[in-house]
Amino acid sequence: MNLFDDLKWRGLIKDVAGEDLKEKLNQGGLTFYIGADPSADSLHIGQLPTFLVAERLRRAGHRPIILVGGATGRVGDPRGTKEREKSDVTVVEHNFEKIKLQMKKLFGEDTLVVNNYDWFKNYNFIDFLRDVGKYINVSYMINKDLVKRQMESGISYAEFSYMLIQGYDFKYIHDHYGADLQFGGSDQWGNLTTGIELIRKLNNEEVYAFSCPLTLDSTGRKIGKSEGNALWLDKNKTSSYELYQFLINFEDIMMEKYLKVYTFLSKEEIEDILEQHNKHPEKRLAQKTLAQEVLTFLHGEDEYNQAVKISEKLFSGDISTFTSVDVEIAFKGLTPYVTEDDKNIVDLLVESSICSSKREAREFLGNGSISVNGEKVQDLDFQVTRDVAIDSKYVVIRRGKKKYYIVKFN
């Protein structure tokens, strides 16, 4: 299957500008660019499919340029919701450096990463209006879907001008780096085509663009940081274990779509996996394959294996072989109860609010509902000491089948 048809089959192309784009994509040799928003210091899992398109093009012989919007990030684009807060300059600069490192890690050290602040910081406002603003009609701008939606709740001139800034980005990268193609999320289509319009009017040249559908969950919500459900590609912000858990818990109904957009598996491989999965859905083969492909690409095989190991140990209750690092990864979201002293188990259960009273604590212990580091405890005189703790630091207490609590020796 050629590149264009593969992208269409995966559902990764929505809008297209340029009659012979299919031919150009299949030939290879284009220089293209894709933009990254520096409002955070990492990309998130909802953005990954679009950036994997960049990797698909790179593998097919096209040259990628990653533009991190140091200038546009200070303005904010219209999103059909409330206007963005003004970004702190030092934060944007910090985020640019972090995303630059992330892009080079994912796509290779030779990947060109540019910052549009470099060509906007000394661009006089009057000159910009004369050079760019006079060539884009206001009626053209307000008819773009995203601007229309934002106007219902109010749009500032700063956000309204975002389209001109991103349009000029395409012209600048075309003129200075030879980029003839830009793509991005479907919510960016108005900005993408504005760049094409500027290059056509100012250079009398034809360039290309296409958009990718936004990645949605089964309820139709965008998987992204603005929706409050972001999982970051930076493993220091979202551990490989957290990402593994997120991926293997996707619903079956989404697996065909996600295998297509999140992996480099072929059509035949995906169809085979789905066939096996549908015969035995309880084995979650599709979800496990998705998790393996994504984690291995992002963080490497060792991180994937560690995530699987922690998950399997937690599922079986085999916490006795955990290290302190395993505890910190697996229970990252839990606030530990901190103590400096050895504790009787009954007292500890009450003091840490695992149980509401000593009477309740004795009942839980008596019916075998309390385990310490994977071992069931029923002895009311059991002492929780540093010797019991994992690496003399952590004690993992489970109440019932799924309620976990962490005790940390200071």
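Helices α3 and α14 are oblique to each other, a word for angles that are not under 35 degrees (roughly parallel), over 145 (roughly antiparallel) or 65 to 115 (roughly perpendicular). Leu48, Pro49, Leu52 and Arg56 of α3 make the contact with Lys260, Val261 and Tyr262 of α14, where contact means heavy atoms within 4.5 Å. The axes of α3 (residues 48-59) and α14 (residues 255-262) cross at roughly 45° and come within 9 Å. Axes are lines fitted to C-alpha atoms, for helices over the stretch in contact, with angles from 0 to 180 degrees between N-to-C directions. Helices are DSSP runs (H or I, at least four residues), numbered from the N terminus.

This is a predicted model, in which local features need pLDDT of at least 70 and side-chain atom pairs pLDDT 80 or more, while totals for chains, interfaces and linings use all residues. Residues are numbered from 1 along each chain as its sequence is written, and side-chain values use heavy atoms, without hydrogens and water.

On the surface, Phe125, Ile126, Leu129 and Tyr157 form a nonpolar patch with about 430 Å² of accessible area together (Shrake-Rupley method, 1.4 Å probe, only the protein chains shown counting as cover for residues). Helix α7 (residues 125-131) gives the largest share, three residues. Leu129, in α7, is partly exposed at 31% relative accessible area, between buried (under 20%) and exposed (over 50%).

Ser153 lies in helix α9 (residues 145-153) and counts as exposed at 53% relative accessibility.

Technical notes
Patch = residues over 30% accessible without salt bridge, like charges linked within 9 Å, V, L, I, M, F, W, Y side chains within 5 Å. Salt bridge = Lys/Arg side-chain N within 4 Å of Asp/Glu carboxyl O. Helix = DSSP H or I, 4+ residues; strand = E, 2+ residues; numbered from the N terminus. Buried < 20%, exposed > 50% of the residue type's maximum accessible area, 1.4 Å probe, protein only.
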